[in-house]
Amino acid sequence: MTGKISFPGTECLLLTLIVTSKLSLSSKVEKTKAVTEVLDNLLEGYQKEIRPGLGGERVIIDTDILIKSMGPIKETDMSYSMQVYFRQRWKDDRLSFYLPNITSFTLSNKFINNIWKPNSYFINGRNSKQHNLTVPNAFIRLSYDGSIYMSVRLTVNARCPMMLSRYPMDRVVCPLFIGSFGYTTDEVVYRWENQVDIDPGVTLSQFELGRIEQQNITRKGKYGDFSILQVYIHMSRVVGYFVIQTYVPCYLIVCLSWVSFWINRDAAPARVLLGVTTILTTAAIGMTVREGLPRVPYPTALDVFLNMCILYQMAAFIEYAAVNYFTKLMPLEGGADEDDDEADNLVKPGINRKVKKDGENHTAEAESLLAGNGQNLDKTYRHIIISRIKRCNHCFLAFLSCIVGSSAYRQKRTEAADPEAGNSVSDIDMVSRVVFPLTFGLINLCYWLMYFYLEVS
């Protein structure tokens, strides 16, 4: 005996589901028709060229911005760009409606072209654009009381005035000004609804984002007062890139120029080549880092550093010129000793008499300076002071002779030399080994304190 097995109530359950689905479908269709009829009725006779409440109360535009990404920030033309969600809210009583169980609905971007909307623009904007992939990135949410919420995805490019005197340790404040392109405060007023927000994942390669300031102001114009929204984005530049690419290489190059102090003063090609190479290398680095900067009429902190490095490299180069002029072909620093003087008296009596005469004059000057306190000084100490005074006077006269390029002084030093004895280490090189690093370190300490740690207004 065969037959179908049936469960009680199965047919009833299936019938109930079918009826419910048909009712739900018919309800959705009815809602869609109702919304369509409402929209058709709202836009019938609607004039989008006329603002809401014309001749009555002014329109309040509540504005909100969410920053999704920042950059790039260009110093060459002093501008910045960012991608934002630009949101505006206002009320248009002409678009109020009533539908049972429906208080608001979201509409596509096509509906935006059929209604009045604020003619907002970025006052300091440059080449800003709206995103249109895959469709125009904009939508409207319409509420039953006529309140409109509009959100648009934009890439804003705006001017950002920069003061680069502390570059690359500067702080940048990039403004954004929003206003109406024609409506005065008698018709349209802008105000911030919420704090300008930044997406948590927003980062910049050379900057750290700081605080954001926002204001509502009124600016006087030719045809009346205009309501303007202001945003100030504070950013501080990260100096790590410049330390790796500029500061550390320049420090190493300056230290390399000091190696010449340990090279024999007879090795003129080596010392000259080293000095010229370090100067040209630093100059090339300076030209490279200035490519991304505008031609401002004031020095930046980076310019000060590079010029300081070049100055020390030139000083090391000039130091060798002084060594060459003062001590080249001299057996010992400061001239020949007493035994050599006695031997030279037999060969060149005229020259040594002249040198001896100069020494007597220096000794007489020193004796006159110490006449008042000579009784209280020990003979050894007295001899040391006299020698130092003689040496200082001699160095000062030698320096003047070098500056004016006295050929007679140079000839006299060369004739008094003993080429067979060779050249000892120059005292100028020995002093430079200490003076150059010490002064360079002190100047750099002041440099970093002034530009990096101290607040400069």
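## Basis

Residues are numbered from 1 along each chain as its sequence is written, and side-chain values use heavy atoms, with hydrogens and water left out. Because this is a predicted model, local features need pLDDT of at least 70 and side-chain atom pairs count only at pLDDT 80 or more, while totals for chains, interfaces and linings use all residues.

## Helix H2 against H3

Helices and strands are DSSP runs numbered from the N terminus (helices: H or I, at least four residues; strands: E, at least two). H2 and H3 pack at about 165°, with axes 9 Å apart. Axes are lines fitted to C-alpha atoms, for helices over the stretch in contact, and angles run from 0 to 180 degrees between N-to-C directions. H2 and H3 are therefore roughly antiparallel to each other. The cut-offs are under 35 degrees for roughly parallel, over 145 for roughly antiparallel and 65 to 115 for roughly perpendicular; the rest count as oblique.

The crossing of H2 and H3 is left-handed. Left-handed means that the near helix is turned anticlockwise from the far one by less than a right angle; clockwise is right-handed. H2 brings Thr 246, Pro 249, Cys 250, Ile 253, Leu 256 and Ser 257 to the contact, and H3 brings Leu 274, Thr 278, Thr 281, Thr 282, Ile 285 and Val 289. Contact means heavy atoms within 4.5 Å. By class, seven of these residues are nonpolar, five are polar and none is charged. Ala, Val, Leu, Ile, Met, Phe, Trp, Tyr, Cys and Pro count as nonpolar, Asp, Glu, Lys and Arg as charged, and the others, Gly among them, as polar.

## Helix H2 against H9

H2 (residues 240–257) also packs with H9 (residues 427–453). The angle is about 165°, and the axes lie 13 Å apart. That makes H2 roughly antiparallel to H9. Here the crossing is right-handed.

Tyr 247, Tyr 251 and Val 254 of H2 meet Phe 440, Asn 444, Tyr 447 and Trp 448 of H9. This contact has six nonpolar residues, one polar and no charged.

## Cavity and pocket

The structure holds one cavity of 30 Å³ or more. On a 1 Å grid over the protein atoms alone, a cavity is a set of points where a 1.4 Å probe fits but cannot get out; a pocket is an open set with protein on both sides within 12 Å along at least five of seven lines; lining residues have an atom within 4 Å of a point. Grid points are joined across faces, edges and corners, and a volume is the space filled by probe spheres set on the points. The largest cavity has a volume of about 40 Å³. Its lining is Ser 257, Ser 260, Arg 271, Leu 274, Gly 275, Ala 316, Phe 317 and Tyr 320. H3 (268–289) and H4 (301–327) each supply at least two lining residues. Four are nonpolar, three polar and one charged.

The second largest pocket holds about 300 Å³ of space. It has 16 lining residues, with Ile 112, Lys 117, Gln 130, Met 150 and Val 152 nearest its centre. Strands S2 (79–91), S4 (120–122) and S7 (147–159) each give two or more residues to this lining. The lining divides into ten nonpolar, five polar and one charged.

## Backbone geometry

The Gly 71 to Pro 72 peptide bond is cis, with omega near 5°. Pro 72 sits in strand S1 (residues 59–74). Met 78 lies in the loop between S1 and S2. Its phi is near 50°, a positive value in a residue other than glycine.

A cis peptide bond also joins Leu 133 and Thr 134, with omega about -5°. Thr 134 is in the loop between S5 (129–130) and S6 (138–143).
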